[in-house]
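Welcome! Please take a moment to look over the protein shown here, and then read the briefing below.

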Amino acid sequence: ASPLILGAVIAYMLNIIMSFFERHYLKKCKFQVVISQKRIICMLLSFVSLVGIIFLIFQLVLPELVNCFKELLKKGPAVIESIYLSLKDNANLAGYMEILDQNIVLDQGMLEEKIEQAIQILLNGVGGMMNSVFLAVTSLVSWVVTLLVGVIFSIYLLLGKEQIGQQIKLLICTYLPKYHHKIFYVTNTINHSFHNFIVGQCTEAVILGSLCIVGMWLCRFPYAVMIGVLVGFTALIPIAGAYIGAGVGAFMIFTVSPVKAVFFLVFIVVLQQLEGNLIYPRVVGSSIGLPGIWVLAAITIGGGILGIGGMLVAVPLTAAFYQLLREDVYDRTKIEVIEETLEEEKEES
């Protein structure tokens with residue numbers, strides 16, 4: 001079932017982009033051929049937009065990350081040598097470094113024996129390594145097939161979403177006639193919460209990425225644009241996502257200047273506190289109608305139960321439950337007030 005579940009998730013997310021294109025696509029166009037193919041064109045535009053955004057992010061991040069690794073490998077031996085010489089020149093550590101040098105000289109005679117043992121272990125482990133490679137390739141092929149089937153299933157869902165929706169409504173009205181109004185109300189509330197959460201989360205990620213780029217540019221940190229894009233992309237994971245991007249960014253800045261890497265971590269902690277306590281609850285919380293305190297509570301509990309997936313699902317589900325509970329309490333309170341008013345009028349009469 002995983003390809004179908006993945007396809008449903010892809011279709012739901014792409015439907016937000018596709019609906020936007022359908023609302024604004026060729027409003028003044030009078031060609032009937034173009035109007036009749038509006039759904040297909042808008043669906044293709046949504047796929048191209050999503051793939052283009054992901055490609056642009058990787059194009060900005062991966063080349064610089066590879067260059068940082070190359071720079072680190074280039075500077076690594078020199079850094080290790082300088083650390084070793086500085087330790088050797090230290091009066092307190094001179095005795096320990098001499099013992100280390102003697103051990104290194106003594107151990108060189110055992111080098112050939114160690115190499116032979118390593119070769120023997122490697123030859124003995126070739127069978128296990130081939131098995132691991134086979135399992136890795138099988139897992140990769142399975143993942144690609146799952147993704148391909150999921151994309152195909154999402155295309156079918158997007159092309160026939162109205163017909164599928166009507167069929168589901170007909171089934172519910174036929175077999176659950178007494179409860180269909182409540183079921184539709186609950187599902188519409190959940191759909192509204194998830195839709196607003198996705199839009200709000202993307203908006204918040206753009207805001208955080210922009211603030212990170214501006215702040216890094218003002219503080220003269222290297223790789224400002226690339227790290228800002230990475231922090232904004234990982235910020236799609238609520239609250240904790242920006243720290244993931246910050247870790248990669250700190251590593252990249254460390255290859256240029258370790259001191260600036262430390263200051264960058266201080267900067268990202270301050271920015272994350274600002275984002276987590278002010279921007280996120282207001283942007284995402286207001287878009288889904290959930291107070292900031294319950295946004296933080298939902299993220300904490302959802303992350304503790306299901307990890308990153310729990311963070312992404314807990315906020316819109318909590319918002320839907322909050323809205324349903326609030327309206328139910330309001331209706332019950334209103335009914336009680338009306339009943340009390342009627343009883344008072346009856347007693348007065």
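In what order do the elements of the protein run from the N terminus on? They run α-α-α-α-α-α-α-α-α-α-α-α, and the protein has 12 helices and zero strands. Here helices (H or I, at least four residues) and strands (E, at least two) are DSSP runs, numbered from the N terminus. This is a predicted model, in which local features need pLDDT of at least 70 and side-chain atom pairs count only at pLDDT 80 or more, while totals for chains, interfaces and linings use all residues. Residues are numbered from 1 along each chain as its sequence is written, and side-chain values use heavy atoms, with hydrogens and water left out.

**The protein as a whole**

- Of the 349 residues in the protein, 26% are buried; buried means under 20% relative accessible area, exposed means over 50%, and partly exposed lies in between (1.4 Å probe, protein chains only).
- Take the contacts (heavy atoms within 4.5 Å) between residues at least 6 apart in sequence: 69% of them join residues at least 24 apart.
- Leucine 44 and isoleucine 155 are 111 residues apart in sequence, and their C-alpha atoms are 9.6 Å apart in space.
- Leucine 44 sits in helix α3 (residues 38–89) and counts as partly exposed because its relative accessibility is 49%.

**How α8 meets α9**

- Two packed helices are described by the angle between their axes and the distance between the axes.
- The axes of α8 and α9 cross at roughly 155° and come within 8 Å; axes are lines fitted to C-alpha atoms, for helices over the stretch in contact, and angles run from 0 to 180 degrees between N-to-C directions.
- α8 and α9 are therefore roughly antiparallel to each other (angles over 145 degrees count as roughly antiparallel, under 35 as roughly parallel, 65 to 115 as roughly perpendicular and the rest as oblique).
- Residues of α8 that meet α9 include Leu208, Cys212 and Trp217, and among their partners in α9 are Ala224, Ile227 and Val231.
- The contact of α8 with α9 divides into 11 nonpolar, three polar and no charged residues (Ala, Val, Leu, Ile, Met, Phe, Trp, Tyr, Cys and Pro count as nonpolar, Asp, Glu, Lys and Arg as charged, and the others, Gly among them, as polar).

**How α9 meets α10**

- Helix α9 (residues 224–234) and helix α10 (residues 241–254) pack at an angle of about 155°, with their axes 7 Å apart.
- That angle makes α9 roughly antiparallel to α10.
- Among the residues that meet here are Met226, Leu230 and Thr234 in α9, and Gly245, Val248 and Ile253 in α10.
- By class, the contact of α9 with α10 has nine nonpolar, four polar and no charged residues.

**The loop between α8 and α9**

- Most residues other than glycine have a negative phi, and most peptide bonds are trans.
- Arginine 220 lies in the loop between α8 (180–218) and α9, and its phi is positive, near 65°.
- Arginine 220 counts as exposed because its relative accessibility is 57%.
- Tyrosine 223 is also found in the loop between α8 and α9, with a positive phi of about 55° although it is not a glycine.
- Tyrosine 223 counts as partly exposed, at 23% relative accessibility.

**Cysteines**

- How many disulfides does the structure hold? It holds zero disulfides, a disulfide being a pair of cysteine sulfur atoms within 2.5 Å.
- The sulfur of cysteine 219 is too far for a bond, because the closest cysteine sulfur, in cysteine 212, is 9.9 Å away.
- Cysteine 219 is partly exposed, with a relative accessible area of 43%, whereas cysteine 42 counts as buried at 0%.
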